Amino acid sequence: MIRLLLFTAALWATAAAVLTDWTAVQRVVNIPWDLEATPLQIKTDSTLSSGEQIYVWMYDKDSSYIADVGVKFSSPMQYGIGYCINYIDLPVQPPVEVDKIWTITKTDTALIITCNNVEVVNYLFANNSRSDCVTTWGGDVVEHIKFLYSGDTASDFYRATPECPAFSVEGSTQESWTASPIGTTVTIECVATHSLVGSATLTCQQDLSWSNDVPQCIGKYNAFETYVFA
């Protein structure tokens with residue numbers, strides 16, 4: 001019984017840790033958010049055909065309005081990007097689960113939306129015939145976001161995309177790896193003068209840890225001395 005209680009407590013602790021990184025959405029609140037550096041995740045439980053929508057306004061470093069992004073729970077579901085495209089059907093319809101986690105990622109050239117790890121939009125600004133699409137969205141521009149009071153009826157919680165920590169391996173061909181989202185697998189290769197000690201592949205797990213210890217690249221001429229005479 002004691003073991004069962006301890007196991008149950010551990011499960012609750014794990015669940016709590018997963019939930020506490022979410023922040024409840026407050027409408028019309030200016031939120032500092034560098035979207036190019038930090039993808040935005042939004043949790044919803046809206047149903048298809050409900051007419052509810054995700055509606056997020058973007059602002060620059062001076063808190064001046066840039067444009068907006070919206071996802072509408074119609075049937076089929078639709079999306080819109082201010083100054084680029086009015087609401088049209090998502091190129092890929094999202095999974096059927098009611099509980100959804102949306103991830104909005106912006107690069108200098110594109111806006112990408114995923115839902116429960118399924119990519120539903122990958123919109124290249126340069127593909128739009130409107131010149132103000134590229135000039136509005138291109139580059140590193142978004143520094144603040146705001147969930148609209150009158151327009152956003154679907155967003156319940158938000159957070160930064162959870163990531164495993166960055167790391168570096170001296171003597172490897174890449175040297176360093178940035179923080180990576182869950183499910184990412186990276187491969188470590190050593191330069192010709194070094195040998196790999198440890199696993200060559202690491203995968204970012206649900207608990208935000210890498211699946212193996214970060215390996216080392218040991219100089220071939222030092223490896224014998226290090227591991228035989230140490």
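1. Start with a charge over a ring: Lys 43 sits over the face of Phe 157, 5.9 Å from the ring centre. For that label, NZ of Lys or CZ of Arg has to be within 6 Å of the ring centre and within 35 degrees of the ring normal. Lys 72 does likewise with Tyr 87, lying over its face at 4.3 Å from the ring centre.

2. A quick word on what you're looking at: this is a predicted model, where local features need pLDDT of at least 70, side-chain atom pairs count only at pLDDT 80 or more, and totals for chains, interfaces and linings use all residues. Residues are numbered from 1 along each chain as its sequence is written, and side-chain values use heavy atoms, with hydrogens and water left out.

3. Now the ring pairs: there are nine aromatic pairs in the structure. Rings of Phe, Tyr and Trp (its six-membered ring) pair if their centres lie within 6.5 Å, and planes under 30 degrees apart are stacked, over 60 edge-to-face, the rest tilted. Trp 57 and Tyr 65 make a tilted pair, with 4.5 Å from centre to centre and 50° between the planes. Trp 57 is partly exposed at 24% relative accessible area, and Tyr 65 is partly exposed at 33%. (Buried is under 20%, exposed over 50%, partly exposed in between, with a 1.4 Å probe and protein chains only.)

4. Look also at Phe 167 and Trp 177, whose planes are at 10° with centres 5.1 Å apart, so this pair is stacked. Both Phe 167 and Trp 177 are buried.

5. Finally, a cluster: Tyr 55, Trp 57, Tyr 59 and Tyr 65 are linked by ring pairs.
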